Amino acid sequence: MGPLTDRVDIAPERLWLATFATVTAALVGGSLLFRDLVYDRFLWQYFWGPVAADGNGAACAVNGAAGVEYLASTAACTASDAAGEIVAYPGYTLVSEVGYILILLFALVGVYLLLDRLEIGDSRELFYALVPFIFFGGALRTIEDAGIAAIDAGAQPLIPFPVSALIISPFIYGTMFLVTLAAVGIGLVLAHRGYVERYEHPVAAIGSALLILSVGYLAYLGSTTRYATVNAQVLAVVVAGATLASGCAWVLSERLQPSINAGTGLIGLVVLWGHAIDGTANVVGLDWMPALGAGPNLVPKHPVNAAVVDITGTVLPTSVLAVTGDTWPFLVLKLAAATFVVWVFEPELLEETPRYSILLLVAVLAVGLGPGTRDMLRATFGV
């Protein structure tokens with residue numbers, strides 16, 4: 001048969017790598033040929049610029065003819081924006097969040113192919129073993145927040161910029177992937193040599209140790225520095241509120257529609273609790289900090305959070321907002337979305353594609369518990 005009729009099967013790993021190389025080459029080539037459009041007004045403004053501004057504790061970063069300038073004044077940032085300069089603000093935008101979602105989906109495919117090649121990742125034990133790493137990711141991000149608080153107070157941060165970019169989105173996802181991959185590798189070696197029965201056990205132990213060290217460091221800052229504090233009451237309220245909210249949602253779904261949790265079982269409850277942490281941390285951090293004696297309310301970091309606050313503040317009367325606050329719909333939204341996602345994972349799906357299902361459930365938990373942990377710890381340690 002001729003070359004046009006021969007069928008060539010491409011290994012999915014090679015296809016993934018080829019796609020990665022093609023997209024990378026397109027971005028690099030576009031940045032060289034069309035610097036203003038591709039690099040300055042896309043990659044820099046929506047991805048690297050916000051990281052640089054965040055890492056330097058600036059109100060914004062301005063990419064001008066003389067180079068990048070970091071401004072401390074919001075008014076100066078607004079003026080630069082109005083003048084048509086390329087301005088990047090710390091935090092997320094709708095463009096960057098869509099970009100991060102696409103990167104996450106592409107990365108999930110790569111991780112799935114890796115797990116499939118290693119013939120691991122199809123057990124529920126791995127899901128539970130990775131939960132401490134999700135907490136650790138949020139704690140690591142809070143350490144960077146503490147570094148910015150240190151800069152504002154005239155102190156030296158633990159991790160200065162540009163190294164701190166490794167624990168700022170989106171780079172922190174790569175950092176956490178490598179840390180988790182190293183832990184899984186250690187677990188596999190220990191299991192292969194007979195030191196442990198299952199590789200998931202040392203993985204969970206490593207994640208737990210990293211979490212304890214990171215939270216311990218934050219507690220040390222809160223106890224010994226003037227730019228951080230310890231608001232144990234905030235941590236207690238967030239955890240208790242999230243547990244109560246997720247527990248009620250779980251019991252309600254079990255009584256009204258048991259099929260929702262039929263596939264995931266207790267994993268579904270953990271996913272629900274993780275997103276409840278995110279929702280409750282926002283409610284407490286954005287509305288109830290003064291009432292808890294923990295200082296001023298925090299500022300929302302994500303466009304979705306800010307949009308919910310704006311919509312609620314517009315729709316509800318001032319008299320109602322004075323009692324309920326304007327962030328509680330975010331908690332309701334998180335619980336409803338998490339419940340729906342858990343419902344999607346029917347028993348047949350987990351039985352037929354366990355590796356793919358477990359990986360997706362970890363990702364679903366991470367997009368709620370990761371940011372929620374950061375918000376909870378920011379409020380707890382006042383950074």
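**Helices, salt bridges and backbone exceptions in a predicted model**

Leu37 counts as exposed, with a relative accessibility of 59% (exposed means over 50% relative accessible area, buried under 20% and partly exposed in between, with a 1.4 Å probe and protein chains only). The place of this leucine is in helix 2 (residues 35-55); helices here are DSSP runs of H or I with at least four residues, numbered from the N terminus. The structure is a predicted model, in which local features need pLDDT of at least 70 and side-chain atom pairs count only at pLDDT 80 or more, while totals for chains, interfaces and linings use all residues. Residues are numbered from 1 along each chain as its sequence is written, and side-chain values use heavy atoms, with hydrogens and water left out.

Leu37 belongs to a nonpolar surface patch of about 600 Å², together with Val28, Leu32, Leu33 and Phe34. Patches of this kind are made of residues with over 30% relative accessible area and no salt bridge, the nonpolar side chains (Val, Leu, Ile, Met, Phe, Trp, Tyr) being joined within 5 Å and like charges within 9 Å. The areas come from the Shrake-Rupley method with a 1.4 Å probe, and for residues only the protein chains shown count as cover. Helix 1 (residues 12-33) gives the largest share of the patch, three residues.

Two helices may be compared with their expected spans, taken as 1.5 Å times one less than the number of residues. Helix 7 (residues 200-224) has 25 residues and reaches 36 Å from its first C-alpha to its last, close to the 36 Å expected. Helix 9 (residues 266-287) has 22 residues and should span 32 Å, and its end C-alpha atoms, 31 Å apart, agree with this. Of those 22 residues, 18 are buried, so helix 9 is largely enclosed by the rest of the structure. In helix 7 the buried residues are Glu200, Pro202, Val203, Gly207, Leu211, Ser214, Leu218, Leu221 and Gly222. Their cover includes helix 5 (124-152), helix 6 (171-192) and helix 14 (354-381), where contact means heavy atoms within 4.5 Å.

Beyond its neighbours within four places in sequence, Ser253 is in contact with Pro258, Ile260 and Asn261. With the side chain of Asn261, the Ser253 side chain also makes a polar contact at 3.2 Å (a pair of N or O atoms within 3.5 Å; within protein, one must be able to donate a hydrogen and the other to accept it, and residues adjacent in sequence count only if both atoms are side-chain atoms). Val239, also in helix 8, is partly exposed at 31% relative accessible area. Apart from neighbours within four places in sequence, Val239 is in contact with Trp273, Ile277 and Met376. Val239 and Trp273 are 34 residues apart along the chain, and their C-alpha atoms are separated by 9.2 Å.

Side chains of opposite charge can pair when their charged atoms come close. The model has 13 salt bridges, each defined as a side-chain nitrogen of Lys or Arg within 4 Å of a carboxyl oxygen of Asp or Glu. Arg198 and Glu125 meet in one of them (3.8 Å, N to O). This pair links distant parts of the chain, with Arg198 in the loop between helix 6 and helix 7 and Glu125 in helix 5, 73 residues apart. Arg198 is partly exposed at 31% relative accessibility, and Glu125 is partly exposed at 38%. Arg198 also forms a salt bridge with Glu200, the closest N and O atoms being 3.0 Å apart; Glu200 is buried at 3% relative accessibility.

A further salt bridge joins Asp145 and Arg374 (2.8 Å, N to O). It links Asp145 in helix 5 to Arg374 in helix 14, 229 residues apart. Asp145 is buried at 5% relative accessibility, and Arg374 is buried at 6%.

Most residues other than glycine have a negative phi, and most peptide bonds are trans. Glu119 has a positive phi of about 60 degrees although it is not a glycine. This residue lies in the loop between helix 4 (94-118) and helix 5 and is exposed, with a relative accessible area of 65%. A cis peptide bond joins Phe161 and Pro162, with omega about 10 degrees, and the bond from Ser169 to Pro170 is cis, with omega near 5 degrees. Pro162 lies in the loop between helix 5 and helix 6, and Pro170 lies in the loop between helix 5 and helix 6 too.

How values were computed:
Helices (H or I, at least four residues) and strands (E, at least two) are DSSP runs, numbered from the N terminus.
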